[in-house]
Structure formats: structure tokens, C-alpha cells
Amino acid sequence: MAENKEEWGSKLGVILAVAGSAVGLGNFLRFPGQAAANGGGAFLIPYFCALFLLGIPIGWAEWTMGRYGGKKGLHGAPMIMGAIGKGSLARYLGVLGVLIPLGVSTYYVFIETWTFAYFIKYLTGGIGIDATATIAEQTAQSGSFYSMVTGADGDGSLFTGDSKFTVISWVIVFAINIFFVFRGLSKGIEKFVSFAMPVMAVCALVVLIRVLTLGTPDPAIPEQNVINGLGYMWNPDFSALTNFRTWLAAAGQIFFSLSVGFGVIINYASYMKRKDDVALSGLTASATNELFEVGFGGMITLTAAFVFLGLSGTAGAVATGSFGLGFNTLPVVFAQMGAFENVIGALWFFMLWLAAITSSLSMYAPAVAHLKEATNWTHTKSTATIAMIGTIGAVLTLWFTAGGAFWSTVDFWVGTYLIFVLAMVQIIYFGWVFGIERGWRELHQGASIQVPTIFKVIMKYIAPAYLIIVFVGFTVQSLQAELERSWATTGARVAMLTIAAILVYLVVVTMMGEKRLRAAGVDIDDNKPED
């Protein structure tokens, strides 16, 4: 290989890195909105079903496949999948494990920039909401600032007037990301997440305590209190369980949140030592994610909104979607906290920024690893190339902002649809080609826990069947409509062409790598099993 082999500095480091990849904006913004819109407390039934039938078992499969690939000196998802699947078909399907994180990074860093911009504003005096104005006027001011930061007014608007603040913020955020990726695994990503995860937990705890001690801020409206706010989020509506959309939403949230089928876990696990535990490590990373999602995200956002805005205001906030709730509604909520407004606002958006950057750092690592592996380039040259691709994608995201057409199109196809496809490919190859018995033995090498035997059945039969049904059902019912929507605007069309261009580039790189590694005598088809 090109340079001295990278590896994690500690077992805790890789667990925190995977947990950091999983803990992101979806935990604090997407999850509470999904739960409130899909049965409240009842949503936890399909949510935890998806966690135990899909998220954790497929996560274990990825950890296992990644560590096995690392035994052969392979670190990119395409080459690891080629070894697991014993051939080129699996290798080229594995390209999705690089396309997904790289594609998502083009817009995720843009959204990460919003959190950074809000944090800076709250740190330096707030976003201009007048606490003495009416709630309608405060909402309008919050919406105006949101439009300015996100460029919602039209394509190219971020490069004019006050909106240039977003571009400047993006330059800073992108530079921080690339700096830590340049430094590599142990000195860069691991060191940063080892700092960021505890700090994020402290920030979340401080905000949670403040929210839970709000009591009844306005005695004139006694029903707007913390207990009723928690009830809005968690009181179960079991009728929602009869709706297939609820179960689909729960599965989608698990995939979105745990980074399963994302291409990150399989890359990160490849740097582990031969006998490093993956069973308990995978479970610990998932549990950490659930603490942030259910424990913090499930009690902060909507509870605070309910206490100050009431039932109708909170329901309206949920209807605006995850970003409307987090960036439009919560600033209005913070404005009601008096002297604490800017402190809580700064803590909240700093926490969101840490959640976002620990995720975005992981998105570049799989692409850098694949490029190094396929071309034998140095870490510096590979990182610079991926940074250039990321910059091109970011410029397109920053320009085509009208209606969020560019980034929402990439988010659907790369960040949702292809994640399901990759997860399906991975669990099928793990259970049926690599072999469930062989995979089970590999999973338990060096394991600190014994995984219940029932998960063999889940990994071989239930998880693949679940994913195939969802994939076929969506393809039949909605694929044509989504394709038409993805070609309806200039921003959407540019997004589709960008996805295609990145895919072609990665396929060419994989072809080069396949040829180079074969010539070097590397066992990329697993003709000589490591077990």
C-alpha cells in the first residue's frame, strides 16, 4: 500500500467514531418529528422492531465484514464487498459504499454550515428576534433569518448581500472537516470525536435540564407545561400502528440514524485488529446513538416547543418538517427564555454542529480509503482529490438553493434509496454468499459477548426479506413519480447528473484498483480465506 498502515489508537476510539458517525442531526431534529407524526409513544414499537430486526443485525454484519476485509489489507467498501461476495459483481455493488457517504457529504456540510452560522450568531447576540413582539412577528423574523442562511429565496442568492455570511461559514466548516481528514484516523477523526462526543453529551444534558425545569412559564395558560409537552411527544396513538407508513418511517429512521448501509462502518471496522471485538463494539455504538436519539432528542425539541407555543403551534412546527422545527421554531422558543435566550441558543446550535461534524468527518473517510487502495496514492493526494470533488459538489449545493431542489434530490436518491439498496446487498452477501455460519464465527472472534442465536435467523432470513419487500414495494408504487420529480427543476436535474458523474468516476477508480491489486497479488476475491 501507499503509506504506513492506518489504525485506531484504541477500542474506545473506533466505538466513538462509529457512534459519532451515527449521532447527527437526525437524532435531534428528524426523530422527534417522525415520532410525533407517527403515533407518538406508539412509534417506539415499530422503531425498536426495526432497531432489533434491521439496524443492529445489519450493523453487526458490517462490522464483521469490515474487520475481515482488514485482515486482507482491504479498506474500501468495493474491495471488501468483492472479497465477501467472491467476485466483481459484489465489488461494483460495493461502489455504493463510497458513493453514498461522498454524495451525502455534498449537501450535509451545507446543512452543517447552518448550525455553525446560527451558533456564531447566538454567541454574538442572537438572530434579531424581538422577545416583546407577537409570536407571529417573532416567527416571521426567524423565518427571514432562516431564508437568508439557507438561500431559500432563489438560486445564487447565497452569493449576494447578507447571505454571504453562509458562504463564509461554509468555508470555515469545510476547512475544519478537511483538516481532520488530512490528519488521518487516530490523529484526526478519532482525536476529534473523543473530544466532541462528551462535549455534545454535556451540552445536550444542560439544554435538557433547562427544558425539563421550565415548569409552566405562563400561569395564564396552565395547560402549556412540561408534563403535557412530554405527553405530546410520548402519549401513544396505537391506531398509527395499522398504517404501513408508520412502520416504513420507523425503518427509515433507524437506517438514517445508525449509518447502517452507509459505507462508513465497513470502512472504519477494517482498521481494527484481527481479534478486536466487533460484537460488543457494534452494540455499544448503537446504544450510544439511542441515548442521544431517544434520551435527548426525544425530550428536548418538542417539549420546549409545546411549553411556549402550545398544541397548535407545535403541531404546525412538526408539519414544517425537521429543519423547520429546528431552525425556524426553536429560535422563537429560545426567545421566550429571557436572559437564557442566547446561552441556550448557542449551546443548542453548538451541540447540533458537533453532531453534524462528527457525522460529516466519517463521510470522507470511505472515499479517501478507496482512492488510496485503488490508485496507491498517498493519503495527502487522495484526501486532496476527495476535497476537490467535495468542493465541486458544495458549490453546486450553495448555488442551487431554490426550494432545496439540489440537496433534497441528492438526499432522497443517495441518502435514502441507495442506503436501502446497499444494506440489502450487504446482508444478502453476508448471509448467503459469505455464509451465515462462517459469518457467525467471524463475528464472535475475540467477542466480549455471545450474540443470541436468534440473530442468525434474523440476519439470514428476516432482514433480507424485510428489505426486499420494502425495495420492491417502493419501486412498484413510487419510483416513476420520484424520477419525474427529480427531473422537474434545474436544481434537481443538476443533482441527478452530479450523482451520475460521481458514480462513473468511482466505477472507473474501482476498475483501476481491481487491475492494480490483482497484479500485486492481493486476494481480492477471497480465494484464500483468512479464517
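Contact here means heavy atoms within 4.5 Å. Keep in mind that this is a predicted model: local features need pLDDT of at least 70, side-chain atom pairs count only at pLDDT 80 or more, and totals for chains, interfaces and linings use all residues. Residues are numbered from 1 along each chain as its sequence is written, and side-chain values use heavy atoms, with hydrogens and water left out.

**Stop 1: Phe28.** Select Phe28 and, skipping neighbours within four places in sequence, you'll find it in contact with Val23, Met200, Ala204, Phe292, Phe296, Gly297, Thr301, Trp348, Met351, Leu352 and Ala355. Phe28 and Trp348 have the most contacts inside the largest nonpolar core, which has 184 residues. Such a core is a set of buried Ala, Val, Leu, Ile, Met, Phe, Trp, Tyr and Cys residues joined through side-chain atoms within 4.5 Å. Buried is under 20% relative accessible area, exposed is over 50%, and partly exposed is in between (1.4 Å probe, protein chains only). Colour helix H17 (residues 405–444) next: with 22 residues, it gives the most to this core. Helices are DSSP runs (H or I, at least four residues), numbered from the N terminus.

**Stop 2: two ring pairs.** There are 45 aromatic pairs in the structure. Rings of Phe, Tyr and Trp (its six-membered ring) pair if their centres lie within 6.5 Å; planes under 30 degrees apart are stacked, over 60 edge-to-face, and the rest tilted. Which kind of pair do Phe292 and Phe296 make? Their centres are 5.5 Å apart and their planes at 70 degrees, so this one is edge-to-face. Both sit in helix H13 (residues 279–319), four residues apart, or about one helical turn. Phe292 is buried at 3% relative accessibility, and Phe296 is buried at 8%.

Now jump to Trp432 and Tyr461, also edge-to-face because their ring centres are 5.6 Å apart with planes at 85 degrees. This pair links distant parts of the chain, 29 residues apart: Trp432 is in helix H17, Tyr461 in helix H18 (residues 454–485). Trp432 is partly exposed at 48%, as is Tyr461 at 46%.

**Stop 3: charges over rings.** The criterion is NZ of Lys or CZ of Arg within 6 Å of the ring centre and within 35 degrees of the ring normal. Show Lys121 over the face of Phe165, 5.0 Å from the ring centre, then Arg210 over Phe340, at 4.8 Å.

**Stop 4: Leu54.** Finish in helix H3 (residues 44–71), where Leu54 lies. Leu54 is buried, with a relative accessible area of 0%. Beyond neighbours within four places in sequence, its contacts are Cys49, Gly59, Ala251, Phe255, Ala463, Tyr466 and Leu467.

Note on methods:
Helix = DSSP H or I, 4+ residues; strand = E, 2+ residues; numbered from the N terminus.
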